[in-house]
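I opened this notebook to record what I looked up in one structure. The entries follow the order in which I worked.

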Amino acid sequence: MNKESVGVAISSAEPYVKAPLLYKGKVRELYDLGEHFLIAVTDRISAFDWVLSPAVPDKGNVLNSLSKFWFDQTAEIQPNHVVHADVEQLGELITDREIMKDRFMVTKKAQRIDIECVVRGYITGGGWRQYQKTGQVNGHTLPQGLRKNDRLETPLFTPAAKNDVGHDEDISIERMKELVGAELTEQLQEKSIRLYEFARAFCEERGIILADTKFEFGLIDGEIILIDEIFTPDSSRFWAKENYALDIEIDSMDKEPVRTYLSGTDWDKDSEPDPLPADVVAETSRRYRDIYNRLVLG
């Protein structure tokens with residue numbers, strides 16, 4: 001990605017990919033290339049379980065480019081599903097190479113493990129809400145007297161069972177063992193925490209706090225493979241170090257302007273929202289580029 005460029009926004013990659021569309025998520029689209037998948041990352045943005053309009057320029061480029069960066073950085077720690085991200089290798093499968101060059105990956109086909117592997121380095125968000133009610137997070141009993149946004153002494157593995165419809169379900173490690181087996185649970189926990197600790201140290205050197213993140217894994221011939229996305233603003237909670245404080249809602253380096261705007265309107269969250277104002281879209285686009293520039297370009 002060019003540091004200063006602001007690209008076009010696309011709501012779907014379907015006009016630009018000549019391959020069967022297998023799945024369309026809130027942001028990503030999965031295409032079948034036969035031996036491999038093509039994952040295209042659009043500029044769609046979601047909040048409160050709604051896909052919003054308009055699309056946000058450069059969001060897809062940032063998400064995809066960050067994932068490529070991190071998959072490369074962590075390849076020696078954990079094998080992943082990436083085959084390549086070279087638009088020239090796809091030939092006539094891509095109808096507009098300029099639009100698609102930074103927003104796709106060709107990946108191996110893995111059997112998804114239906115567990116979202118969440119690692120928390122700080123007590124915030126949903127983890128903080130659990131702790132306030134029970135003193136626990138996903139079955140982990142934590143010390144008394146923690147404050148919102150406190151750094152945890154050791155990163156916490158807090159899995160969720162994936163649901164294709166509705167929200168993922170927070171579960172305990174014991175429940176995860178019932179779902180996927182004790183051995184696989186222990187392997188995924190170790191891999192997730194190791195990946196988080198690597199990225200947290202990397203981010204800290206660049207003035208960014210990686211508060212929490214989530215991973216998805218799959219299996220190929222019995223081998224555990226990292227899939228989907230990794231350490232992006234859509235899968236991780238990034239804080240600028242200069243904004244860190246206890247007992248407050250820290251402004252995340254992601255789509256926070258969208259959530260803030262919607263929360264300040266009279267939208268009922270049960271009907272399709274009106275289009276986002278241009279200034280909210282522009283600020284959100286800037287934030288996505290900013291996290292990319294700070295992490296990758298320095």
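Into which domains is the protein chain divided? I noted domain 1 (10–109) and domain 2 (111–243), with bounds that come from an automatic or database domain assignment. I recorded that this is a predicted model, in which local features need pLDDT of at least 70, side-chain atom pairs count only at pLDDT 80 or more, and totals for chains, interfaces and linings use all residues. Residues are numbered from 1 along each chain as its sequence is written, and side-chain values use heavy atoms, with hydrogens and water left out.

**Entry: the two domains together**

I looked up the separation of the domains and found their C-alpha centres 23 Å apart. To the contact (heavy atoms within 4.5 Å), domain 1 gives 19 residues and domain 2 gives 23 residues.

I then turned to buried area, that is, the accessible area (1.4 Å probe) that two parts lose on being put together, summed over both. Domain 1 and domain 2 bury about 1900 Å² between them, and 66% of this lies on carbon and sulfur atoms. On the domain 1 side, W70, I77 and Q78 lose the most area to domain 2, together 35% of what that side buries.

I counted as a salt bridge a side-chain nitrogen of Lys or Arg within 4 Å of a carboxyl oxygen of Asp or Glu. Across the interface of domain 1 and domain 2 this rule finds 2 salt bridges. I also noted the salt bridge of R28 with E229, whose closest N and O atoms are 2.9 Å apart.

Which helix gives the most to the side of domain 1 that touches domain 2? I found that helix α1 (residues 59–73) does, with 8 residues; helices here are DSSP runs (H or I, at least four residues), as are strands (E, at least two), numbered from the N terminus.

**Entry: aromatic pairs**

I listed 12 aromatic pairs in the structure, taking rings of Phe, Tyr and Trp (its six-membered ring) with centres within 6.5 Å; planes under 30 degrees apart count as stacked, over 60 as edge-to-face and the rest as tilted. W70 and F202 form an edge-to-face pair, 5.0 Å centre to centre with 70° between the planes. W70 lies in helix α1 and F202 in helix α5 (residues 182–204), 132 residues apart.

**Entry: salt bridges in the whole structure**

One I looked up joins R44 to E29, with the closest N and O atoms 2.9 Å apart. R44 sits in the loop between β3 (37–41) and β4 (45–47), and E29 in strand β2 (residues 28–32).
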